[in-house]
Amino acid sequence: TLTGDKTLTVNTAGTTLFNDTVNIAQLTTDTPGAVQINAATVTTSGTQTYNDPITLLSNTVLSSTGAAALGNISFNSTISGAKTLAVNTAGTTLFNDNVNIAQLTTDAPGAVQINAATVTTSGTQTYNDPITLLSNTVISSTGAAALGNISFNNTLTGDKTLTVNTAGTTLFDKAVSVGQLTTDAPGFVQINAPTVATTGSQTYNDALTLLSDTTMTSAGVAAAGNISFMKTMDGAKTLAVNTAGTTLFNDTVNIAQLTTDTPGFVQINAPTVATSGTQIYNDPMTLLANTVLSSTGVAAAGNISFNNTLSGDKTLTVNTAGTTLFDKAVSIGQLTTDAPGLVQINAPTVATTGSQTFNDALTLLSDTTMTSAGVAAAGNISFMKTMDGAKTLAVNTAGTTLFNDTVNIAQLTTDA
């Protein structure tokens with residue numbers, strides 16, 4: 001053991017070995033050489049500064065009782081060893097070079113700074129401190145299932161890129177504000193943060209679960225602002241996506257409420273987007289796959305609003321007991337709405353290459369032309385419920401136009 005309320009500096013180009021418990025005031029090792037830690041605990045009342053590469057020979061807890069900068073624990077070179085490391089301090093823990101160990105945990109008081117290109121573990125990583133990224137970083141675990149969990153239990157900041165690779169669960173438990181964020185395909189992402197903000201893109205290659213109401217934003221321009229959900233998304237929470245880039249839903253969505261902002265675009269390559277509340281698309285939307293958008297919400301809580309253009313030669317089915325609003329021009333493959341609820345059309349044109357079937361009562365909010373390029377039954381335009389609104393309607397199709405219930409509008413024209 002090594003004790004005494006004094007500072008210790010070890011300078012050597014050889015190996016410095018701490019083979020048993022250390023409890024002193026301050027510890028510093030110099031740059032040349034190496035450090036090996038075979039001690040269960042290394043405790044100081046002040047700083048610990050390791051300028052040498054460290055190898056862990058046993059599971060180790062490094063701790064400082066110092067306040068603020070007096071509690072700083074700095075790893076200025078690499079850390080390796082198939083052992084667990086816990087760092088406990090109210091100061092700043094700095095990882096200034098690559099880390100490759102078994103398991104890493106930092107405690108709640110204090111802060112963590114990562115200036116390393118990679119932080120790799122064979123087990124879990126748990127950051128209970130706020131993290132600041134000082135460089136572009138890849139944080140990864142090779143652990144299976146829960147052994148691969150990477151948990152950010154406090155805020156995460158720094159205008160740098162963060163890539164998280166694990167087959168376990170990646171948890172963002174507090175607000176995130178970084179340069180760019182990417183998660184890999186195996187594993188899961190859980191978001192319990194009120195905000196996830198980036199200056200660049202966000203790409204979620206894992207299945208994502210919302211644990212809280214969340215707003216995801218990017219300040220990036222064009223592709224630099226893309227926010228991509230490549231796998232499924234679930235959770236009975238609200239999601240707002242704000243970006244001037246493209247928001248891509250590439251797989252099934254099943255959440256409480258979904259809103260996208262005006263600048264930028266939305267692409268839907270998912271078979272279903274389901275909510276228990278409203279869906280509000282303020283961006284232009286492009287369908288990349290045949291899609292069913294649905295809400296189980298009652299009355300206004302079930303509203304699905306397309307507040308910008310809607311395009312893509314795919315089929316769209318909208319199922320809700322609320323109001324479906326088409327506020328801008330529509331040009332898609334096929335359009336169907338279900339029986340409960342209402343449809344409002346404030347678009348100058350609703351065009352399809354196939355059929356249009358409105359099973360809801362329909363209200364015209366603007367003069368509208370509905371067209372289908374479909375041949376025979378593929379061009380059918382069917383109004384199965386009532387239609388009203390003091391507006392003009394033109395219906396142009398080589399198929400059959402069916403008025404199946406009462407019509408009360410300003411003007412009606414069908415083509416030859």
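Predicted model: local features only at pLDDT ≥ 70, side-chain atom pairs only at ≥ 80, totals over all residues.
1. Thr 137, placement. Thr 137 belongs to strand β17, which spans residues 137-141. Its relative accessibility is 2%, so Thr 137 counts as buried.

2. Thr 137, polar partners. Two backbone oxygens sit beside polar atoms of the Thr 137 side chain. One belongs to Ser 135, at 2.9 Å. The other belongs to Ala 116, at 3.0 Å.

3. Thr 137, contacts. Setting aside residues up to four places away in sequence, Thr 137 touches Ile 114, Ala 116 and Ala 117, and also Thr 161, Leu 162 and Thr 163.

4. Ala 90, placement. Ala 90 is in the loop that runs between β10 (79-88) and β11 (92-95). Buried or partly exposed? Ala 90 is partly exposed, at 42% relative accessible area.

5. Ala 90, surroundings. Beyond four places in sequence, Ala 90 is in contact with Ser 64, Gly 66, Ala 68, Pro 109 and Gly 110. Gly 71 is 19 residues from Ala 90 in sequence, with a C-alpha to C-alpha separation of 6.0 Å.

6. Gly 158, placement. Gly 158 lies in strand β19, residues 156-165. Its relative accessible area is 16%. The cut-off for buried is under 20%, so Gly 158 is buried.

7. Gly 158, surroundings. Neighbours within four places aside, Gly 158 is in contact with Leu 133, Ser 177, Val 178 and Gly 179. Asp 261 is 103 residues away along the chain, and the two C-alpha atoms are separated by 25 Å.

Notes
Residues numbered from 1 in each chain as written. Heavy atoms only, no water. Helix = DSSP H or I, 4+ residues; strand = E, 2+ residues; numbered from the N terminus. Buried < 20%, exposed > 50% of the residue type's maximum accessible area, 1.4 Å probe, protein only. Polar contact = N/O pair within 3.5 Å; in protein donor to acceptor, adjacent residues only side chain to side chain. Contact = heavy atoms within 4.5 Å.
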